[in-house]
Amino acid sequence: MPLLYFWRGDNYHRDLDEGVAFHLNQSSQRLHEIERGDSVWAFTRNAGGRYVLAAELVVRAKTRNPAGYPYGPYRVWGDRERSRYFATDEGPDAELLIRGFDLSVGRGVLGHSFQGPGAVRKLSLADHRSLAAFARGLPLEARAHRVDEERLELVVARASPEVITETLYDLGSGMGDDRRRWIVREAVARSRAHVEALRRMYRGRCQLCAWESRTAHAVDVCEGHHLQWLSRGGGDALENMALLCPNHHRLVHALDAPLDFADLAFDLGDRRETLRINEHLRRAA
Ligand SMILES: [Zn+2]
Ligand SMILES: [Zn+2]
């Protein structure tokens with residue numbers, strides 16, 4: 001069943017500034033009632049005060065967030081290929097359309113009907129189809145492009161400051177300028193320190209398969225992976241990182257696989273793989 005989600009303007013802008021996340025968080029469990037392949041439609045109020053469509057996420061995975069996560073325990077992930085973000089400044093007014101839906105929205109300010117647990121509503125198939133027709137041909141948000149996260153992580157892990165800066169500008173329009181500056185100034189140093197800490201903690205082993213290069217070959221080749229990607233608003237904290245062997249790291253990127261904090265398993269689409277060793281990541285409450 002498709003859903004309609006009211007995205008507060010400040011949260012929407014934070015998401016775009018920090019790197020379009022292709023996921024949504026919520027405190028209400030209703031967000032997880034959606035099936036894979038169904039759409040979450042997000043709308044917001046733009047700078048001109050109009051209610052406009054902000055995104056359609058075609059859901060690919062549902063995960064729980066770690067205990068204490070500030071934006072709620074429930075998360076859905078949009079398929080990168082099929083999801084889209086709309087340019088909200090130019091978007092047409094969607095208020096009349098939304099008021100016409102079968103949602104028992106009051107007569108007052110539209111956003112007020114979508115506060116707290118009311119922020120996520122189930123949509124009928126007919127209302128979903130109306131939104132799809134309304135969204136056809138809408139201008140898209142320029143910042144919502146895919147970033148080559150694998151390349152980004154590689155330079156963050158190893159490259160010199162000059163190469164990092166160069167690469168960040170090379171990566172195109174998928175990130176805001178503040179995000180790029182933050183990565184150069186802060187994320188690089190901290191991420192490298194965290195990888196060293198993880199290698200000490202796990203004696204260089206992959207958290208998924210426990211493969212160890214250190215005892216067999218006397219080198220550390222397991223890599224730090226940012227669970228929420230740096231280009232998509234992820235932080236440089238230890239709690240956002242896992243130590244993975246190069247094979248598992250490639251796999252997780254190729255499948256865009258999120259870690260579900262409910263059971264500390266990577267969601268690989270048709271199957272799940274649980275971390276075999278973990279000391280530093282906290283499960284969902
Ligand atoms: Zn592995
Ligand atoms: Zn990674």
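Mentor: Two residues are in contact if their C-beta atoms, placed from the backbone, lie within 7 Å. This is a predicted model, in which local features need pLDDT of at least 70 and side-chain atom pairs count only at pLDDT 80 or more, while totals for chains, interfaces and linings use all residues. Residues are numbered from 1 along each chain as its sequence is written, and chains are lettered from A and ligands numbered from 1 in the order in which they are written.

Apart from neighbours within four places in sequence, L123 is in contact with P2, L3, L4, F101 and H128. Between L123 and P2 there are 121 residues of sequence separation, yet their C-alpha atoms are 5.3 Å apart. L123 belongs to the loop between β7 and α3 (125–135); helices (H or I, at least four residues) and strands (E, at least two) are DSSP runs, numbered from the N terminus. L123 is classed as buried because 23 other C-beta atoms lie within 10 Å. The cut-offs are 20 or more other C-beta atoms within 10 Å for buried, 12 or fewer for exposed, and in between for partly exposed, with C-beta atoms placed from the backbone.

Two strands pair if DSSP finds at least two bridges between them. Strand β1 runs antiparallel to β7 (residues 120–122), joined by 3 bridges, and Y5 is opposite V120 of that strand. To β3 (residues 39–45), β1 is joined by 4 bridges in a parallel arrangement, with L3 facing V40.

On the scale of the chain, an automatic or database domain assignment gives domain 1 (3–135) and domain 2 (149–274). Their C-alpha centres lie 28 Å apart. Their contact involves 15 residues of domain 1 and 14 residues of domain 2. On the side of domain 1 that touches domain 2, α1 (9–18) and β4 (51–64) are the elements giving two or more residues, and α1 gives the most, with 4 residues. That side of domain 1 comprises 7 nonpolar, 3 polar and 5 charged residues. Here Ala, Val, Leu, Ile, Met, Phe, Trp, Tyr, Cys and Pro count as nonpolar, Asp, Glu, Lys and Arg as charged, and the others, Gly among them, as polar.

Most residues other than glycine have a negative phi. R203, in the loop between α6 (177–201) and α7 (213–217), has a positive phi near 50°. R203 counts as partly exposed because 13 other C-beta atoms lie within 10 Å. A218, which is not a glycine either, has a positive phi of about 60° and sits in the loop between α7 and β8 (223–226). A218 counts as exposed, since its C-beta neighbours inside 10 Å number 8.

Finally, there is an open sheet of 3 strands in the order β10-β11-β12, paired antiparallel. Its edge strands, β10 (259–260) and β12 (272–274), each pair on one side only. Strand β10 is linked to β11 (residues 265–267) by 2 bridges, and L259 has F266 of β11 as its bridge partner.
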